[in-house]
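Subject: Structure for you to look at

Dear colleague,

I am passing on the structure we spoke about, and below it you will find my notes on what came out of it. Please read them with the structure open beside you.

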Amino acid sequence: MALRRCHLNPKKTLFLLCDIQEKFRPAMPLFDNMIKNVDKLTRAGKALDVPLIVTEHYPEKLGKTVAQLDVSHAKLVSGKTLFSMFTPEVKAVIQDIFNDKPEDVVLYGLESHICVEQTAIDLLEQNINVYIVADCCSSRLNQDRDLALDRLRQAGCVITTSESVIFDLVRDKNNPKFDVVRKLVNQPSVDMELTRNGSAIPVGSAKL
């Protein structure tokens, strides 16, 4: 299925933050690094008025979204038992936000090979472009994350990074939100030890 790929438009884009909960912290390698990247991306989305939906997997047992992340601007924070985020509650809020569906979804969270992957496949089946933010995803094993990213690339997702998403949404230094965003990206993203065909992929960029 070939989807149309274009620049991200804040008015036609949805952020989906998947199951980044405190109980997962001890089991996830590089969890603290991921949180720093997620925080930057989520704060940039808030500054750029990109709607956000957050899910929490079985929060009665697994707890709430980590306190380090400010998701107070989210259109919905929803518990779920489905692995996919694409629950009836989420679908209803998406319909309300977009009067149909977004053109693009920026998806990130845990676990890459389970909830993120199943969410992405559900979105692709709705002919929605899916951008997976690789430096904002994790699994209990890095190999599970990396192989999931390969599968999702082959399925038609765009595999990207937090700074790539942010700058694609901004597009222009004259964007009125640029100064706010610039402060968020002055520090490089934190390394998530992403690999591609066995070679490390550095994550980060120069200061502006």
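To begin with two of the helices, the axes of H1 and H7 come within 10 Å of each other and cross at roughly 180°. That crossing makes H1 roughly antiparallel to H7, because angles over 145 degrees are counted in that class. On the H1 side the residues that meet the partner helix are Lys40, Arg43, Ala44 and Ala47, and on the H7 side they are Val180, Leu184 and Val185. Please keep in mind throughout that this is a predicted model.

H1 itself covers residues 31–47, and at 1.5 Å a residue its 17 residues should span 24 Å, which agrees with the 24 Å between its end C-alpha atoms. Since 12 of these 17 residues are buried, the helix is largely enclosed by the rest of the structure. Among the buried ones are Phe31, Met34, Ile35 and Val38, but also Asn37, Asp39, Lys40 and Thr42. The buried residues of H1 pack against strands E1 (13–18), E2 (52–57), E4 (104–109) and E5, and also against helices H6 (162–170) and H7 (178–185). Aspartate 49, which follows H1, has a positive phi, near 60°.

The sheet comes next. Six strands form an open sheet in the order E3-E2-E1-E4-E5-E6, and their pairing is parallel. E3 and E6 (158–160) stand at the edges with a single partner strand each, so one side of each is left without a neighbour in the sheet. Neighbouring strands are turned against each other by 25° on average, if direction is ignored. Helix H3 (residues 88–98) packs on this sheet, where it touches E1, E2 and E3, and its direction makes about 175° with that of E2. Helix H5 (residues 142–155) also packs on the sheet, touching E5 and E6, with its direction at about 165° to that of E5.

Going through the pairings one by one, E1 and E4 run parallel and share six bridges, and within this part of the sheet cysteine 18 stands opposite glycine 109 in E4. E1 is also joined to E2 by four bridges, again in the parallel sense, and here phenylalanine 15 stands opposite leucine 52 in E2. E2 and E3 pair in parallel over five bridges, with glycine 79 in E3 as the bridge partner of glutamate 56.

E3 (residues 76–80), by contrast, has a covered face made of Leu76, Ser78 and Lys80 and an uncovered one made of Val77 and Gly79.

Apart from its neighbours within four places in sequence, isoleucine 20 is in contact with Phe31, Met34, Ile35 and Val38, with Lys64, Thr65, Val66 and Leu69, and with Gly109 and Leu110.

Leucine 107 lies in strand E4, and with a relative accessible area of 0% this residue is buried. Leucine 107 and cysteine 18 are 89 residues apart in sequence, yet their C-alpha atoms are 7.5 Å apart in space. Not counting residues up to four places away in sequence, the residues that leucine 107 touches include Leu16, Cys18, Met85, Val116, Tyr131 and Ile132.

Which is it, buried or exposed? Aspartate 135 is buried, because its relative accessible area is 0% and the cut-off for that class is under 20%. Its C-alpha atom is separated by 15 Å from that of phenylalanine 15, which is 120 residues away along the chain.

With best wishes

Definitions and conventions
Residues are numbered from 1 along each chain as its sequence is written. This is a predicted model: local features need pLDDT of at least 70, side-chain atom pairs count only at pLDDT 80 or more; totals for chains, interfaces and linings use all residues. Side-chain values use heavy atoms; hydrogens and water are left out. Contact means heavy atoms within 4.5 Å. The expected span of a helix is 1.5 Å times one less than its number of residues. Buried means under 20% relative accessible area, exposed over 50%, partly exposed in between (1.4 Å probe, protein chains only). Two strands pair if DSSP finds at least two bridges between them. Axes are lines fitted to C-alpha atoms, for helices over the stretch in contact, and angles run from 0 to 180 degrees between N-to-C directions. Angles under 35 degrees count as roughly parallel, over 145 as roughly antiparallel, 65 to 115 as roughly perpendicular and the rest as oblique.
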